[in-house]
Amino acid sequence: MSNDTIQQLIQKALGVLSQLEAWLPPTPESTDWSAKAFRWRKKGETAWLEAVKVVDHIETDDLLHIEKQKEAIDTNTRFFLQGKPANNVLMTGARGTGKSSLVKAMLAKYADQGLRLIEVDKSDLGDLGDIVDLIHQRPERFIIFCDDLSFDEGEVSYKALKSILDGSISSSGENVLVYATSNRRHLMPEYMSENLSTKYQDDGEVHPGEAIEEKISLSERFGLWLSFYPFRQEDYIAIVNYWLRELGCPEEHIEASRTEALQWAIQRGSRSGRIARHFAKDWTARHLSK
């Protein structure tokens, strides 16, 4: 066989290997354990912990008018870091009131004490067991963070979450907690027709139907429930003024912002901390440039 023939065969083989490589799953990235926060990433059949290079930083002092919620989650997180019993946390209620920001604030406060955050999308909840196995031997303490969590009818990924929270034969480990936020307290849609299966005993005792029990059982596996409510008007204005000062807006402009701040909230149908911060950015940008 001539050298030219051999070279042609080699080139053909390399071409075939190149085509096969495109179909093979990518090599998982090695985890940068020096990071403070991670995202669970998937591509095809490959999954890995991706380090977050720039973490959205917010302090607990930046979160106003949710003092009871701050105290409860701070105490729970501190107990977790101290190796004491601690609960998984479900935060529910009005949008934009600081639920997810409170989780980020815990990372900012306790990262130096070994706290780490792993953000997991709802679509990847089936991988929770793999995530727990991956971090089981790590010395850090991990909060698995599921933001804006809810499930539509027919979704089954919630079962993996139920197993991690409480119910699997294997333990989730002492270095893992789940913190989740949702606008739904029971996380799953509920229908009037499901109440038809409710049974009533002669003595007045109520027994909910199986469909209702299944939906309630998920949220019940969170040991700590924190509820968040829409802010009163004056609380909303106080949050606006706080962010205006943080952004360097002069006091005379802060006093003049009240009417427009209220109009901003009316247009968006919500008096929340998120809306207040958005207004403060807009107001400051327009008035500092003058």
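Modeller: Before we start, buried means under 20% relative accessible area, exposed means over 50%, and partly exposed lies in between, with a 1.4 Å probe and protein chains only. This is a predicted model, in which local features need pLDDT of at least 70 and side-chain atom pairs count only at pLDDT 80 or more, while totals for chains, interfaces and linings use all residues. Residues are numbered from 1 along each chain as its sequence is written, and side-chain values use heavy atoms, with hydrogens and water left out.

Colleague: Okay, is Asp 127 buried or exposed?

Modeller: Asp 127 counts as buried, because its relative accessibility is 11%.

Colleague: And which residue forms a salt bridge with Asp 127?

Modeller: That is Lys 42, with the closest N and O atoms 3.2 Å apart; a salt bridge here is a side-chain nitrogen of Lys or Arg within 4 Å of a carboxyl oxygen of Asp or Glu. Lys 42 itself is partly exposed, at 43% relative accessibility.

Colleague: How many salt bridges are there by this rule?

Modeller: The count comes to 13 salt bridges, and one of the pairs is Arg 232 with Asp 235, whose closest N and O atoms are 3.1 Å apart. Arg 232 is exposed, at 57% relative accessible area, whereas Asp 235 is buried at 11%.

Colleague: Switching topic, which side chain has a polar contact with that of Thr 181?

Modeller: The side chain of Asp 147 does, at 2.5 Å, where a polar contact is a pair of N or O atoms within 3.5 Å; within protein, one must be able to donate a hydrogen and the other to accept it, and residues adjacent in sequence count only if both atoms are side-chain atoms. Thr 181 is buried, with 2% relative accessibility.
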